[in-house]
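Please keep the sequence and the structure in view while reading.

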Amino acid sequence: MLHKQTVLIIDYGSQYTQLIARRIRELNVYSEIVPYSVSSDDIRQRNPKAVVLSGGPDSVYAEGAPTLDPLIIELGVPILGICYGFGLLMTYDGGVVMPNGQREYGFAELDVENKSPLFNGISKKSQVWMSHGDAVEELPGNWSVLARSGNGVLAAAGRDGGVVLGTQFHPEVVHTIDGKRIISNFLFDVAKCQKDWTPASFVESTIEEIQVAVGEEKVLCGVSGGVDSAVLAKLIHEAVGSQLRCVFVDHGLLRKNEPDYISGKLVQSLGFEVEIHDFSKKFLSLLVGVVHPEEKRRIIGEQFIRSFETATQSGTGFKFLGQGTLYPDIIESGGVRGTADVIKSHHNVGGLPDDMSFELLEPLRELFKDEVRQVGKELGLPSDVLGRHPFPGPGLGVRIIGEITEDRVKILQEADHIFIEALHKYDVYNEIWQAFAVLVPVKTVGVMGDERTYANLIALRAVTSVDGMTADWYRLSEEVLAEVSNKIVNSVPGVNRVVYDVSSKPPSTIEWE
Ligand code: XMP
C-alpha cells in the first residue's frame, strides 16, 4: 500500500464513530477505525498523524467499561478525546468524572475561555451537541480549561501544550455548528495533517496496487447494475484492461428493462464488454410455491452462485475475483468494532462461497458509499449511473410478498417503473436514498367503469437515509403520489389500489421482506 497519512479513530461504541471517520475524510485526510483493544505498539507501527478517541455509551467507571492503553497518550501523537474518550483521558491523569444528571444532554452553548488552535476562527460563543450524562468534575493538574458550556460544565481541555485534547461535546455531528471547523483545526492546526486523501489520489494509488497484486493474471468480476460493482469493474479495468472479464447474471427478479440498461447505458459508460447470462427461467422454476422470505433469499442466493459458476466455467485461469466490499461491511462484520451491536448482515448476491478457488480483490474496502460515488466520478462514470438507488441482491424476490410468479414479477416491474419514472420527472429521485414498489398480493375490492374488481395492492416506498441502517420515509408531494397512483391503477392489469408506506426504520425495515 502506498504511503498515506492516517488518522486512527479508537472506537468506544458511539453511534457517531463512523461519522467521525467520514468527517475527517471529507477534509481529505484518510481515517480508519480501530477497536479499543488496540495497543500502543499497534498504534506506533501504524504511525498515524493523529488519534481520535470516540464517544461511547458507557460510563468510564462502569465495570467492564472499555479502556485505553495509557501508553498511547504518551506517544507524542496528537490526540482528541471526544465525550467518553475525553473521560478516559481525564481518569488516566487522575481527574474525576461524574454523572451530571443529564444536565447537558442535547444542545448546549460553548463558551471559549482560553486560546487554543482547536478553536481557531470560531466565535467566542457557539452551539454544540452533548450526548452524555457524564461530565468532568475535577480537572487534573496537568490539564488546562479551554472552554465551558453555558451551564459551567467543562466542554474542552488540553494538556502537553495542546497536543492532547478533549471535548465533552461531539464536534462530528451537524448540531455542533462549528464542528467541522473544530475537526479541521485539530487535523491541520494541531496535528499538521496534509490533504492527501482525494478521489484522484485514491484512483492513482489503487490502480498501482491492483497492477502489483494482479500482475499478468486474470480477474473475474460480477456486475450487478449497481453503483459499487460498476465502479469496481471500471477501476480494475483501468488497472489491468483486458485481463478483466465482467459477468452479469440475470436472475429474472430485476427492475423493468434492467438487462437493456446493462447492455446499453452501463456498457457504454464503462467502455468495455459485460457478458449477460440469462438464468431467469431457472430461478423462477426453483421459486414455485415458496413464500417464506428467508427461504426465498436462500434459494436465490444459492442459485446465484451456481449460475455464476455455470456462466464462468467456459473461462479458465481466473486467479482473482473482484468484490465490491465497502468499509461499512468491514466495520459491521465485526472486523473493527469491539463494542457496537452487530447489525443484521445481508446476504449479498455478489458474495460467493469460500470454496471457490479465487483470491479476492477488494479495492473498495476502504471506502464509504459516498466515496465510491466520488471515485466513480473521478473515473468518468456519468452521474445517472452513479446516482442509482441501491437494489437488494435478491431483487424483486423480496418485494413480492408471498409466492413469486412470472405474472407477479411483471406486475411489480410495471408499477415500479411508473413510480421511478415519476421521481425522475419531478426531479426528486436524487433526494431519495431508495424508492421502489412492493406487490402485496392481498386482493381488495375496487370498481372500474361499472364493474367491481378484485385485485392486488401496490405499496410505494421511498426513504431517506445515509447508509441504510436507519431511514425515514420521504415526504413525497401529493401531486406525485396522485399521478403515480392513477397511472398504476389505470395501466397495470391486476392492480386496483395503491398505498404509500409511512414507516421509518427502526422499527420497520426498508424492504418489506
Ligand atoms: P433493510 O430492509 O434491512 O435494508 O432495512 C437495508 C438495505 O439493505 C438492502 N437489502 C439487501 N441487500 N441482499 C442485499 O444485497 C438482501 O437480502 C437485502 N435485504 C435488504 C435494502 O435494499 C436496503 O438498501
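## Pockets, sheets and cavities

With six residues, helix α13 gives the most to the lining of the second largest pocket. The model is a predicted one, in which local features need pLDDT of at least 70 and side-chain atom pairs count only at pLDDT 80 or more, while totals for chains, interfaces and linings use all residues. Residues are numbered from 1 along each chain as its sequence is written, and side-chain values use heavy atoms, with hydrogens and water left out. Helices (H or I, at least four residues) and strands (E, at least two) are DSSP runs, numbered from the N terminus.

**The second largest pocket**

A pocket is an open set of points on a 1 Å grid over the protein atoms alone, with protein on both sides within 12 Å along at least five of seven lines; a cavity is a set of points where a 1.4 Å probe fits but cannot get out, and lining residues have an atom within 4 Å of a point. A volume is the space filled by probe spheres set on the points, which are joined across faces, edges and corners.

The second largest pocket holds about 480 Å³ of space. Its lining consists of 24 residues, and Arg255, Arg388, Ile420, His424 and Tyr429 lie nearest the centre. At least two lining residues come from each of α7 (258-270), α12 (383-386), α13 (406-425) and β17 (434-448). By class, the lining has seven nonpolar, eight polar and nine charged residues. Here Ala, Val, Leu, Ile, Met, Phe, Trp, Tyr, Cys and Pro count as nonpolar, Asp, Glu, Lys and Arg as charged, and the others, Gly among them, as polar.

Two strands pair if DSSP finds at least two bridges between them. Angles run from 0 to 180 degrees between N-to-C directions, and axes are lines fitted to C-alpha atoms, for helices over the stretch in contact.

Within this sheet, β9 (residues 143-149) and β10 (residues 154-159) run antiparallel and are joined by five bridges. Ser144 has Gly158 in β10 as its bridge partner. Contact means heavy atoms within 4.5 Å.

An open sheet of five strands has parallel pairing and the order β14-β13-β12-β15-β16. Because β14 (275-278) and β16 (359-361) stand at the edges with a single partner strand each, one side of each is left without a neighbour in the sheet. From one strand to the next, the twist averages 30 degrees. Strands β12 (residues 218-222) and β13 (residues 244-250) run parallel and are joined by four bridges; in this pair, Gly222 stands opposite Val247.

Helix α5 (residues 199-214) lies across β12, β15 (318-322) and β16, at about 165 degrees to β16. The axes of α5 and helix α11 (residues 369-378) come within 9 Å and cross at roughly 75 degrees. The two helices are therefore roughly perpendicular, a term that covers angles of 65 to 115 degrees. In their contact, Pro199, Ala200, Phe202 and Val203 of α5 meet Gln374, Val375 and Glu378 of α11. These residues divide into five nonpolar, one polar and one charged.

**The cavities**

The structure holds two cavities of 30 Å³ or more. The table gives their volumes.

| Cavity | Volume |
|---|---|
| Largest cavity | about 60 Å³ |
| Second largest cavity | about 30 Å³ |

Among the residues lining the largest cavity are Val60, Cys83, His132 and Gln168. Strand β8 supplies the largest share of this lining, three residues. The lining of the second largest cavity is made up of Ile20, Ile24, Val52, Leu80, Ile82, Ile183 and Phe186. Two or more of these residues come from each of α1 (17-26), β4 and α4. By class, this lining has seven nonpolar, no polar and no charged residues.

Key. Angles under 35 degrees count as roughly parallel, over 145 as roughly antiparallel, 65 to 115 as roughly perpendicular and the rest as oblique.
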